Amino acid sequence: MRKILICLCLMASVSGFAQTLKFTHADTLRGSITPERAWWDLTYYHLSVRPNAQDSTLTGSTKVVYKVLKPQQTIQIDLQEPLQITKVTQDGELLTYRRDGNAFFITLTKKQEVGKTETIEVSYAGKPRLAKRPPWDGGVQWVPDGKGNTIISTSCQGLGSSVWWPCKDHMYDEPDSMLISITVPKNMMDVSNGNLRSVVENNDNTHTFNWAVQNPINNYGVNMNVANYVSWKETYKGEKGDLALSYYVLPQNLDKAKEQFKQAPQMLKAFEHWFGPYPFYEDGYKLVEVPYLGMEHQSSVTYGNGYKMGYLGKDLSNTGWGLKWDFIIIHESGHEWFANNITYKDVADMWVHEGFTNYSENLYTEFYFGKQAGSDYVIGTRALIANDIPIIGTHGVNQEGSRDMYYKGGNLLHTIRQIVNDDEKWREILRGLNKTFYHQTVDGSQIEAYVSEHAGQNISKVFDQYLRDTRIPVFEYSFGNKGIQYRWANVVDGFDMPVKVKLAGKDELLYPTATWQSLKTKGIKTVVVDRNFYVESKEVKQASM
Ligand SMILES: [Zn+2]
């Protein structure tokens, strides 16, 4: 059970407070914008890969197209052990390089002039890391399909896409577009991201699937899925016009999938309402069956929830509402807005992906089953919050924070909605985020600032409390001769969140701080804090006034 609750897309749990963790030279090379990364702006990738199921190897190359921002002659490209770079060229000229763990420092002989666009081609080969427990512990997965074929899939959030192809493995920079060419045996097909531009027949009993991505794409969003898929299509009439929906499943699951995947257009309807237009109309939307649970691969969401409702048939909220929909279809697709449209620059801010997407489950529930149902759902997931370490991890070293980024993140947003206290305005904030940060990589602090600015009041201390501290605010109150006294305890300095309470059955909005305040009331002996606020409350006998 515990294992199940270690939620989706989360790589590994963290063993202690981030501050006490030791980071290595390799962590810095992977997680920071090194000088060898900072001088060039990624504009385009052409990834070509030929997976070989016989010996679980990959052979391929990446063309990296970039614009020179600053004069520099050394470029960093990442590729993880045990894969090897076999050759690097620029304009046909062979280049030398130095390997430092998973980072390759390539010496460019051609003078790199500011403003010019250049290309390097990096060839590679080898046996990539096997995905041990995808998607959390990712890599490449090779699974026999029982018919003599091998299903091949990739997943690499956190770990990084350099686990299976050479790239600039840092989230801050995305190519503006990408071509993915995967060569597979004639009886198999590949589904990657974007649109299938062509299938080229080769004379060695293989064919090459060319998938063109027309939008910026984050590196862990890129994926390869090889199987003998069957597929069908439909058109969704959305906010931005016609959106092509395509579904790829194993032949034996076609009937079940046709029923289950009816939730995809329902999802689009709900999320376009709350978050604005699906962010990748040009690339279509796909659901692709895989042998692992699922991942938010951009415009080709992967699915392995067994055609069950809930999370592998379970309700994470324990309220019943989580069994009304398929967790993987809803959650992973929610990431198209928060992860693929608005993307963290640094995995330390992963709550921007998981907090908002966890919250999207509540909004989906509300859209189809009512406001009360949505609230029940998000409040139900509070049982899964650990409050072990802060949600925000350590920046610059590829370090996630607490897995509380999911349920506590969702409950933080639900709480902020109560503070905003205007549902239409709240929806405008959610849609405004997706419009303002459209196709961008962000610092989490930009998201906090936007919400704070549009919430009608400064809620920066609320973010500090829930994202940078592990304590849950306690609303302390006491009854005296003149009325009630109240304050916040267990809070960060300057914490000033308003809270809704019921006094003698009547809703009242209070503005507590860490200092005692009083409210004149007559004969009231009960205070009930609105359960939609993720706080605790406690009656204190003697309030010091
Ligand atoms: Zn997720």
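A crossing counts as left-handed if the near helix is turned anticlockwise from the far one by less than a right angle, and as right-handed if clockwise. I needed that for α7 and α10, whose crossing comes out left-handed.

Housekeeping: I'm on a predicted model, where local features need pLDDT of at least 70 and side-chain atom pairs 80 or more, while totals for chains, interfaces and linings use all residues. Residues are numbered from 1 along each chain as its sequence is written, and side-chain values use heavy atoms, with hydrogens and water left out.

**Helix pair.** I looked up α7 (residues 351–369) against α10 (residues 423–436): they pack at about 135°, axes 14 Å apart. Axes here are lines fitted to C-alpha atoms over the stretch in contact, with angles from 0 to 180 degrees between N-to-C directions.

**Helix α6.** Is α6 buried or exposed? Eight of its eight residues, 327–334, are buried (under 20% relative accessible area, 1.4 Å probe, protein chains only). At the N-terminal end I found Asp-326 as the cap, a side-chain oxygen 3.0 Å from the backbone nitrogen of Ile-328.

**Sheet.** I traced an open four-stranded sheet, β9-β10-β15-β12, with antiparallel pairing. Pairing takes at least two DSSP bridges. The edges are β9 (139–144) and β12 (189–191), each pairing on one side only. Between β10 and β15 I get two bridges, and Ile-152 stands opposite Val-226 in β15.

Definitions and conventions:
Buried < 20%, exposed > 50% of the residue type's maximum accessible area, 1.4 Å probe, protein only. Polar contact = N/O pair within 3.5 Å; in protein donor to acceptor, adjacent residues only side chain to side chain.
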